[in-house]
Amino acid sequence: MKILIVNKFLYPNGGSETYIFRLGEQLQKMGHEVQFFGMEHEGRIVGNRVESYTSDMDFHTGRFARILYPFKIIYSREARRKIRKVLEDFGPDAVHLNNFNFQLTPSILYEIDKYRRKTAGKVKIVFTAHDSQLVCPNHLMQQYISKERCTKCVGGSPWNCAKYKCIHGSFAKSLLGSVEAFLYRNLGTYRLIDTAICPSAFLKEKLDTCRELKGKTVVMHNFIEPFKEGEGTKKEIEPYVLYFGRYSKEKGIETLLKVCKKLSAIPFVFAGNGPYEEQVNVAMNITNKGFTTGKELKELIHNARFSIFPSECNENCPFAVMESLAYKTPVIGAKIGGVPELIKDSVTGYLFESGNEEQLCQRIEFLWNHPEEVERLTKECTNIVFDSVESYCDKLISYYQ
């Protein structure tokens, strides 16, 4: 098969980019031909044969103020023109959409459908929902200023985004987010998608509020690299509790820092970066490893007594939880979003009410002081099996077909 993978960023930038790069590699190993479409960027590592990409745009910078920018993030004529070249040259059997709103815009769906009609409807359009963007203009289901979890736009009015300044606290940006959502909901644009892959049942429930997607959504938890033979024994090192991820308020870092201060006798290791890095660095019982990836991160996870996932925003299918469990490390996780689908409470870890400082404190203190309970949870983690990229792609092909 010929598969065109579409994502606004074609360079290492986050979870969705890791996802598309691994998919592309595996699909090619399986004998399929793969090309990519998205924005041009100096760090781009994948592409297409005709070298057709859209101009680089950053919704977070001052370049937003340019006169044409507001129009380009709602409907991009350039993206339609550039993807047309790729479609006509490559002739894909399936187009796999990922993050495309704002930079590429949903306008590309019309161009893909136009090409599909030329081929008598043989091209399938598959979409992986990495977040709630299609039903929540700021994609987090959380108000930016108050940090309150919010689903007012999910199945409701997208104008709430502008009302609460949900995009970066800016009324102008939030208004454009509301306009974009209102426009494509009313046009019914997302009806052109054949299958929407949701990494959690939680997200599926939210996307099902979009009438154009109802009946087209399927749950496929993210894939993860399997634990290799010989990696199952924890090293004899000083025990610690691990947090890895972004040091930001919505990830629960503020609450976790307060808990760490209360539990001064327990050693914590943090791996990541973000706005709260200074507070992490001055904490007496926290060792900050900074942003960590690859083998070093894997060893940090595997050798931890247990890990903490204290998020205070509606998570989809967090890799941090999956990686902990896959690497045989129990997790104390917030009961929010898709997290309870991954952690079996009192079996592979413990759940707590998101944002509840006292409950999180109790959970950590209990596990730290009961190593036999940690050992029991760790044994249960050995029974967890997530899709490998190979088995995930086997399932994916059926939707491409």
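1. Tyr243 is buried, with a relative accessible area of 3%. Buried means under 20% relative accessible area, exposed means over 50%, and partly exposed is in between (1.4 Å probe, protein chains only). Tyr247 is also buried, at 0% relative accessibility.

2. A word on the model. It is predicted: local features need pLDDT of at least 70, side-chain atom pairs count only at pLDDT 80 or more, and totals for chains, interfaces and linings use all residues. Residues are numbered from 1 along each chain as its sequence is written, and side-chain values use heavy atoms, with hydrogens and water left out.

3. Next, the aromatic pairs. Rings of Phe, Tyr and Trp (its six-membered ring) pair if their centres lie within 6.5 Å; planes under 30 degrees apart count as stacked, over 60 as edge-to-face and the rest as tilted. By this rule there are 10 aromatic pairs. In one of them, the ring centres of Tyr19 and Tyr392 are 5.9 Å apart and the planes stand at 85°, so this pair is edge-to-face. Tyr19 belongs to helix H1 and Tyr392 to helix H14, so the pair ties together parts that are 373 residues apart in sequence. Helices (H or I, at least four residues) and strands (E, at least two) are DSSP runs, numbered from the N terminus. Tyr19 and Tyr392 are both buried. The pair of Tyr243 and Tyr247 is tilted, with 6.3 Å centre to centre and 40° between the planes. Ring pairs also link Tyr19, Phe223 and Tyr392 into a cluster.

4. How do H1 and H14 pack, and at what angle? Helix H1 (residues 15–29) meets helix H14 (residues 389–400) at about 85°, with the axes 10 Å apart. Axes are lines fitted to C-alpha atoms, for helices over the stretch in contact, and angles run from 0 to 180 degrees between N-to-C directions. H1 and H14 are therefore roughly perpendicular. Angles under 35 degrees count as roughly parallel, over 145 as roughly antiparallel, 65 to 115 as roughly perpendicular and the rest as oblique. From H1, the contact uses Tyr19, Arg22, Leu23, Gln26 and Leu27. Among the H14 residues are Tyr392, Leu396 and Tyr400. Contact means heavy atoms within 4.5 Å.

5. Helix H11 (residues 319–326) has seven of its eight residues buried, so it is largely enclosed by the rest of the structure. Among the buried ones are Val321, Met322 and Glu323. They pack against strand E7 (241–244), helix H10 (294–303), strand E10 (306–309), strand E11 (331–334) and helix H13 (371–381). After H11 comes Lys328, with a positive phi near 65°.

6. Now the cores. A nonpolar core is a set of buried Ala, Val, Leu, Ile, Met, Phe, Trp, Tyr and Cys residues joined through side-chain atoms within 4.5 Å. The largest has 54 residues, and Phe268, Phe270, Phe306, Ile332 and Ile364 touch the most other members. Leaving aside neighbours within four places in sequence, the contacts of Ile332 include Phe306, Tyr350, Phe352 and Ile364. Another core of 48 residues lies apart from the largest one, with Phe37, Ile112, Leu192 and Phe202 among its members.

7. Thr189 sits in the loop between helix H6 (171–187) and strand E5 (195–198). Thr189 is buried, at 0% relative accessible area. Asp56 lies in the loop between strand E2 (33–37) and helix H2 (69–72). Asp56 is partly exposed, at 33% relative accessibility.
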